[in-house]
Amino acid sequence: MAKSHYKLQDTLYQPKQSKLQKYKDLIVGSDKLSFLIKYELINLFVSWLPGALGIVLRNKLYPAILAECGRGVNFGRNIVIRHPQKIKIGNDVNIDDNVLLDAKGDKNAGIILKDQVFIGRNSILSCKDGDITLEQNANIGFNCEIASTSKVVIGKDNLIAAYTYIMGGGNYKLDNLDLPFNQQYDYEGKGGVILHENVWLGAHVSILDGVTIESGSVVATGAVVNKSIPKNCIAGGIPAKVFKNRGK
C-alpha cells in the first residue's frame, strides 16, 4: 500500500502557516478549538502531577482526548501524547513515566495498545504516517523505540528488553548522488516489522524494516536483525543468524 510522503520538515517550514496551526498539525492532530483547549488543560494541570492524585486524575481525564481507552489503564507522570485521537488503548494497560506516544500522520490509523500491554519508562512509540499495534500482554522495556512509516505489529506475550530499536518502514536510498539522503527517503520500504506471539528480544536489539520473527523465537542481546527468523529459533550476532532451534 503506497504511503504519502509525510515529512516533518514539510509541516515545520511552511512559510504561510501560523505557529498555532503548525502546533495543531504536529502535536494535537485536530483543528477544533474545543479539543485544543481540552488537550492543553489536561496536559498543563495533570501530566506532571506526582503521587496517587496524579494517577487518579490522569486515569480520569486522558480518556477524554483519546480515540478509545479501556478500564484500569494507568498513566505515569510526564507522558507525552501526540495526535491522541489516533490512539486506542485497551483494558489494564500500564504506561510508565516519560513515555512518548506519537501517532502523527496524514493517512495512518495510528497506535493501538491492546489489553494488559506494559510500556516501560522513557520509551517512544512514534508514527510518521505509519501504524503501531501492540497485541495483548506485550511488554516493552524502558528506553525502547518503536518507529513506523509503514507498520509495526508486536505480538501477544512478546517480551522486549531495554534499549531495543524497531523500525517499520522505509529507509534512505543511496542511488542518486545529486540528492542529499533526506530527499531520497523510501516511505514504502519493505513492508514493516511483524513479531508474532511469544517472541523475546534481549536488550539493545535492533530490528530493521522487512523483518518477521515467528512465534517462540529469541533474539540475543545486541543483535541487529535484517532478515526474518523462523519459529522457535534462537538468533544472535551482527547481522543476526539462527544458531539454535529450541525444539532440538
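# Briefing: sheets, helices and cysteines in a predicted model

L33, I37, L41, L44 and F45 together make a nonpolar surface patch of about 510 Å². The structure is a predicted model, in which local features need pLDDT of at least 70 and side-chain atom pairs count only at pLDDT 80 or more, while totals for chains, interfaces and linings use all residues. Residues are numbered from 1 along each chain as its sequence is written, and side-chain values use heavy atoms, with hydrogens and water left out.

- A patch is made of residues with over 30% relative accessible area and no salt bridge, where like charges are joined within 9 Å and nonpolar side chains (Val, Leu, Ile, Met, Phe, Trp, Tyr) within 5 Å.
- A salt bridge is a side-chain nitrogen of Lys or Arg within 4 Å of a carboxyl oxygen of Asp or Glu.
- Accessible areas come from the Shrake-Rupley method with a 1.4 Å probe, and for residues only the protein chains shown count as cover.
- L44, one of the patch residues, lies in helix α3 (residues 33–46); helices (H or I, at least four residues) and strands (E, at least two) are DSSP runs, numbered from the N terminus.
- L44 counts as exposed because its relative accessibility is 52%; the classes are buried under 20% relative accessible area, exposed over 50%, and partly exposed in between (1.4 Å probe, protein chains only).
- S47 belongs to the loop between α3 and α4 (51–61) and is buried, with a relative accessible area of 10%.
- The side chain of S47 reaches the backbone oxygen of N43 at 2.6 Å.

**Helix α2**

- K22, K24, L26, I27 and V28 are buried in helix α2 (residues 19–28).
- G29 follows α2 and has a positive phi, near 80 degrees.

- Two strands pair if DSSP finds at least two bridges between them.
- Strand β15 (residues 165–168) runs parallel to strand β20 (residues 206–207), with 2 bridges joining them; Y165 has S206 as its bridge partner in β20.
- Another open sheet of 7 strands, again with parallel pairing, has the order β1-β4-β7-β10-β13-β18-β21. Its edge strands, β1 (68–69) and β21 (212–213), each pair on one side only.
- Strands β7 (residues 111–113) and β10 (residues 131–134) run parallel and are joined by 3 bridges, with I111 opposite I132 in β10.

**Strand β24 and its partners**

- Strand β22 (residues 218–219) is joined by 2 bridges to strand β24 (residues 233–236), and the two run parallel. V219 has A235 as its bridge partner in β24.
- Strand β25 (residues 241–245) runs antiparallel to β24 and is joined to β24 by 4 bridges; G236 stands opposite K241 in β25.
- β24 and β25 form a hairpin with 4 residues between them, and G237 in the turn has a positive phi of about 105 degrees.

**Cysteines**

- The whole structure contains 0 disulfides, a disulfide being a pair of cysteine sulfur atoms within 2.5 Å.
- The closest cysteine sulfur to that of C127 is in C144, 16 Å away, which is too far for a bond.
- C127 is buried, with a relative accessible area of 0%, and C233 is buried at 5%.

Key. Polar contact = N/O pair within 3.5 Å; in protein donor to acceptor, adjacent residues only side chain to side chain.
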